Amino acid sequence: MADRYLVDLALPRSPAGELRATPTGDAKLSRGRDNVAQALERRTLTREGGLLHRPDYGAGLKGSVGRSSTPTERAKQADKIQRQMSRDSRVSASETTVKVDAFVDSRVVVNLAVQLVGDDTAQTLTINVSE
């Protein structure tokens, strides 16, 4: 049942990172809840319109680094992320909460609580982005 949330390459958490490999040299895969977490993080970080074939993909969180941290700005970013979470078919949109905790010291911290379709346990994810 782990594959109900799809399978993808296990991507590095930083742009400078390298793809991971298994001991036999195959590309490491991300499955199940880990794959959903990886996909949601990528969706949150990707610049709005950053994918030519999917112009509505991406919340652009990286663009918030170094910007003002007013409650209004944090609420706008949380709303963008919330809309992106609802676009993933593995996520129950009505059970998703997003909290943008801080835009401090060239860093943005986002906490997500996501209810996955067909799963009784909420998935939590913290995304830290810095320059």
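Colleague: Is Gly32 buried or exposed in this model?
Modeller: The model is a predicted one. Gly32 is found in helix 1. Its relative accessible area is 5%, and the cut-off for burial is under 20%. Gly32 is therefore buried.

Colleague: How far apart in space are Gly32 and Ser89, C-alpha to C-alpha?
Modeller: Along the sequence, 57 residues separate Gly32 from Ser89. In space, the distance between Gly32 and Ser89, C-alpha to C-alpha, is 14 Å.

Colleague: Which term describes how helix 1 lies to helix 2?
Modeller: Two packed helices are described by the angle between their axes and the distance between the axes. Helix 1 covers residues 32-45 and helix 2 covers residues 71-86, with axes 10 Å apart and an angle of about 135°. That angle makes helix 1, relative to helix 2, oblique.

Colleague: Is the crossing of helix 1 and helix 2 left-handed or right-handed?
Modeller: The two helices pack at an angle of about 135°. Their crossing is right-handed.

Colleague: How do the residues of the contact of helix 1 with helix 2 divide?
Modeller: From helix 1 come Leu40, Arg43 and Thr44, and these meet Ile81, Gln84 and Met85 of helix 2. By class, the residues of this contact are 3 nonpolar, 2 polar and 1 charged.

Colleague: Is Arg43 buried or exposed?
Modeller: Arg43 is found in helix 1. Beyond its neighbours within four places in sequence, Arg43 is in contact with Arg54, Tyr57, Gly58, Ala59, Gln84, Met85, Arg87 and Asp88. Its relative accessibility is 5%, so Arg43 counts as buried.

Colleague: What is the C-alpha to C-alpha distance in space of Arg43 and Ala59?
Modeller: Ala59 is among the residues that Arg43 contacts. The two are 16 residues apart in sequence, and their C-alpha to C-alpha distance is 6.5 Å.

Colleague: Is Ala37 buried or exposed?
Modeller: Ala37 is another residue found in helix 1. Not counting residues up to four places away in sequence, Ala37 touches Gln123 and Leu125. With a relative accessibility of 13%, Ala37 counts as buried.

Colleague: Is Ile81 buried or exposed?
Modeller: Ile81 has its place in helix 2. Setting aside residues up to four places away in sequence, it touches Thr44, Ala59, Leu61, Val98, Val100, Val110 and Leu112. Its relative accessibility is 0%, so Ile81 counts as buried.

Colleague: How many residues has the largest nonpolar core?
Modeller: Leu40, Leu61, Ile81, Val110, Leu112 and Ile127 have the most contacts inside this core. At least two of its residues come from each of helix 1, helix 2, strand 3 (97-104), strand 4 (107-114) and strand 5 (123-130). The number of residues in the core is 22.

Colleague: Which residues is Ile127 in contact with, leaving aside its neighbours within four places in sequence?
Modeller: Ile127 is one of the residues with the most contacts inside the largest nonpolar core. Its partners are Glu41, Thr44, Leu45, Leu61, Val108, Val109, Val110 and Leu112.

Colleague: What is the phi of Leu6?
Modeller: Leu6 lies in the segment before strand 1 (7-9). Although Leu6 is not a glycine, its phi is positive, at about 75°.

How values were computed: Residues are numbered from 1 along each chain as its sequence is written. This is a predicted model: local features need pLDDT of at least 70, side-chain atom pairs count only at pLDDT 80 or more; totals for chains, interfaces and linings use all residues. Side-chain values use heavy atoms; hydrogens and water are left out. Axes are lines fitted to C-alpha atoms, for helices over the stretch in contact, and angles run from 0 to 180 degrees between N-to-C directions. Helices (H or I, at least four residues) and strands (E, at least two) are DSSP runs, numbered from the N terminus. Angles under 35 degrees count as roughly parallel, over 145 as roughly antiparallel, 65 to 115 as roughly perpendicular and the rest as oblique. A crossing is left-handed if the near helix is turned anticlockwise from the far one by less than a right angle, and right-handed if clockwise. Contact means heavy atoms within 4.5 Å. Ala, Val, Leu, Ile, Met, Phe, Trp, Tyr, Cys and Pro count as nonpolar, Asp, Glu, Lys and Arg as charged, and the others, Gly among them, as polar. Buried means under 20% relative accessible area, exposed over 50%, partly exposed in between (1.4 Å probe, protein chains only). A nonpolar core is a set of buried Ala, Val, Leu, Ile, Met, Phe, Trp, Tyr and Cys residues joined through side-chain atoms within 4.5 Å.
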